[in-house]
Amino acid sequence: MAKYIFVTGGVISSLGKGIASASIGRLLEARGYRVAMMKFDPYLNVDPGTMSPFQHGEVFVTDDGWESDLDLGHYERFTSTLTSRDHNWTAGKIYESVLNKERRGEYLGKTVQVIPHVTDEIKGCVRRIADSAHVVIVEVGGTVGDIESLPFLEAIRQFHLEAGDENAIFVHLTLVPFIASARELKTKPTQHSVRDLREIGINPHVLLCRADRPIPEEVRAKIALFTNLSMDRVFSAPDVPSIYAVPTNLHQQGVDDCILKLLRLPAGRARMDEWNQFVQGILEPKGEVRIGIVGKYVGFEDSYKSLSEALVHAGVANDVRVNLSWIESGNLGPGADPRLKEEAQEELAKQDGILVPGGFGERGVDGMVEAVRFARERRVPYFGICLGLQVACIEYARNVAGIAGAASGEFEPQAKNRVIIMLEECVGVNIGGSMRLGRYEAHLETGSLARRVYGKDVIAERHRHRYEVNNAFRKPLEDAGLRFSGTALDGALVELIELPSHPWFLACQYHPEFLSRPLQPHPIFKSFVAAAVEHRGHAADRAAAVAAGRA
Ligand code: GLN
């Protein structure tokens, strides 16, 4: 039978519960245990797919095409597990399933209630993912004390009672704020948060106390006393320079030993060497490189979580620190404020590589086209993802292939030269649902950059898009020098484009960032960063030559 760890959060949100849960997963895997990870989100949206990235951060896409919470991305990056639609349940999805059962008459005429029907549904979701895992880690989103979280907390309370104390434990993440005027770490919010948990019948087994600094012994002792826990259950979870250093930090304090003991699991040797080496690579890289990300949600970096993590992985693989510049695409477009435009252009010119990530909606698209043009003309490495492929096609069509007014049907449905159109129009059939979501295969052309980068000719990547390259424009674009180097569905869908006349210009219709892992960096990201490093070297050589010429 599997063992269960329930992770809750107190005091405030955004304490890093996802990272803490994922880190526990990492530590258990390091001891040789198979883990499964899931997240409950107390909001009523059925999934975050339709929520604004500003509201919710990134939408992480699973293999089976579920649009999920970004914490699932942390789970997949920190552990070797794969998540699916079964690993992320919102209150909306739970209620949807309960209501469907009610309509089908499955409750046999009973009054359908939060307890037991909703809580049973929640417990069922936890059990379903246990499968062959030794330990199931369940993160409960939201903050203890919220009305919305109550059914979830009640469900895990019951779960623990049914499973027994040695089979299910509660880990609670709280905040211990440092108050500058008093020069003191304050324990009161943690005391209150634990009291709130107790009030609903949950006695936490382990406390992870977040603070901007390590928590000294006497403060831990005070927390232990006031929360009725022994001190060896109260851990300090300080800010660390990289999220990937969290598992190491928790391990050094013995969090994993404590959890294994509570769950009556033997603690073998912790195999952390490779991971620690990776962290070392982040902290002490040999060089650095600048990557400009030109997009629409750049003010809110959580919107591009997997993307920035994939660049961290690729940086370590190239032994460089990847410094990201977030450039608001709207500022590069025609209608932009001249001062902001100049600033954005200057910023763009400083980059060793330019990346246009995925996005929806028209705002800022012309600025992205400008960024592509800059990268193409100045021979700066360019990497386009999803919308970044579509704008690259638009740019090439307009400025090289001479296709006047080339546009995407997403932004200009009436345009004559729509080089990007709805998927349905491409394949001529309804592909079910409005978006192409999840993992699909693509075939790479022999001799292409894509083929070299991957080192194989069939790949499978995760998608989330509604639009595609219009096949009617493939010939003119190809004649003008653009290469369609990867396709799917017997060539009906373009998956990758590249520019053989450019040092490194590649764009894909899928989202490779979802499959990048710390110890297995994604091949495209790795190659892109390598190209940026090379570009930087050339630029430095040119600058030196100019300086020498002047001297
Ligand atoms: N909006 C574009 C589409 O639907 C691109 C989507 C994306 O970048 N994820 O095809």
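**View A. Ring pairs link Y4, F6, F159 and F170 into a cluster.** Rings of Phe, Tyr and Trp (its six-membered ring) are taken to pair if their centres lie within 6.5 Å, and their planes count as stacked when under 30 degrees apart, as edge-to-face when over 60 and as tilted for the rest. The model is predicted, so local features need pLDDT of at least 70 and side-chain atom pairs count only at pLDDT 80 or more, whereas totals for chains, interfaces and linings use all residues. Residues are numbered from 1 along each chain as its sequence is written, and side-chain values use heavy atoms, with hydrogens and water left out.

**View B. F60 and F514 form an edge-to-face pair.** The structure holds 17 aromatic pairs. In the pair shown here, the ring centres are 5.1 Å apart and the planes stand at 75°, which is why the arrangement is edge-to-face. F60 belongs to strand β3 (residues 60-61), while F514 lies in the loop between β23 (505-508) and α19 (523-550), so that the contact ties together parts that are 454 residues apart in sequence; helices (H or I, at least four residues) and strands (E, at least two) are DSSP runs, numbered from the N terminus. F60 is buried, with a relative accessible area of 0%, and F514, at 3%, also counts as buried, where buried means under 20% relative accessible area, exposed over 50% and partly exposed in between (1.4 Å probe, protein chains only).

**View C. Y304 and W326 form a stacked aromatic pair.** The centres of these two rings are 5.6 Å apart, with 20° between the planes. Y304 sits in the loop between β12 (287-295) and α12 (305-317), and W326 in strand β13 (residues 320-328), so the pair links distant parts of the chain, 22 residues apart. Y304 is buried, its relative accessible area being 5%.

**View D. Strand β12 pairs with β13 and with β14.** Two strands are said to pair if DSSP finds at least two bridges between them. The pairing of β12 and β13 is in the parallel sense and runs over nine bridges, V289 having V322 in β13 as its bridge partner. β12 and strand β14 (residues 353-356) also pair in the parallel sense, over three bridges, and here I291 stands opposite G353 in β14.

**View E. Three strands make an open sheet with mixed pairing.** The strand order is β16-β17-β20, and the edge strands, each pairing on one side only, are β16 (407-408) and β20 (467-469). β16 and strand β17 (residues 418-422) pair in the parallel sense over two bridges, with S408 opposite I420 in β17.

**View F. Charged ends sit over the rings of W89 and F484.** The charged end of K93 lies over the ring of W89, 4.2 Å from its centre, and that of R474 over the ring of F484, 5.6 Å from its centre. A charge sits over a ring if NZ of Lys or CZ of Arg is within 6 Å of the ring centre and within 35 degrees of the ring normal.

**View G. E377 and R373 meet in a salt bridge.** The structure holds 36 salt bridges, each a side-chain nitrogen of Lys or Arg within 4 Å of a carboxyl oxygen of Asp or Glu. In this one the N to O distance is 3.0 Å, and both residues lie in helix α14 (residues 365-377), four residues apart, about one turn of the helix. E377 is partly exposed, with a relative accessible area of 46%, and R373, at 29%, counts as partly exposed.

**View H. Salt bridges that share partners join K39, D41, D69, D71 and E139 into one network.**

**View I. E184 forms a salt bridge with K186.** The closest N and O atoms are 3.4 Å apart. E184, at 37% relative accessibility, counts as partly exposed, and K186 is partly exposed at 32%.

**View J. L44, Y95, L99, V114 and I115 make a nonpolar surface patch of about 460 Å².** The elements that give two or more residues to the patch are α4 (91-103) and α5 (114-128). I115 is found in helix α5 and, at 46% relative accessibility, counts as partly exposed. Patches are made of residues with over 30% relative accessible area and no salt bridge, like charges being joined within 9 Å and nonpolar side chains (Val, Leu, Ile, Met, Phe, Trp, Tyr) within 5 Å; the accessible areas come from the Shrake-Rupley method with a 1.4 Å probe, and for residues only the protein chains shown count as cover.
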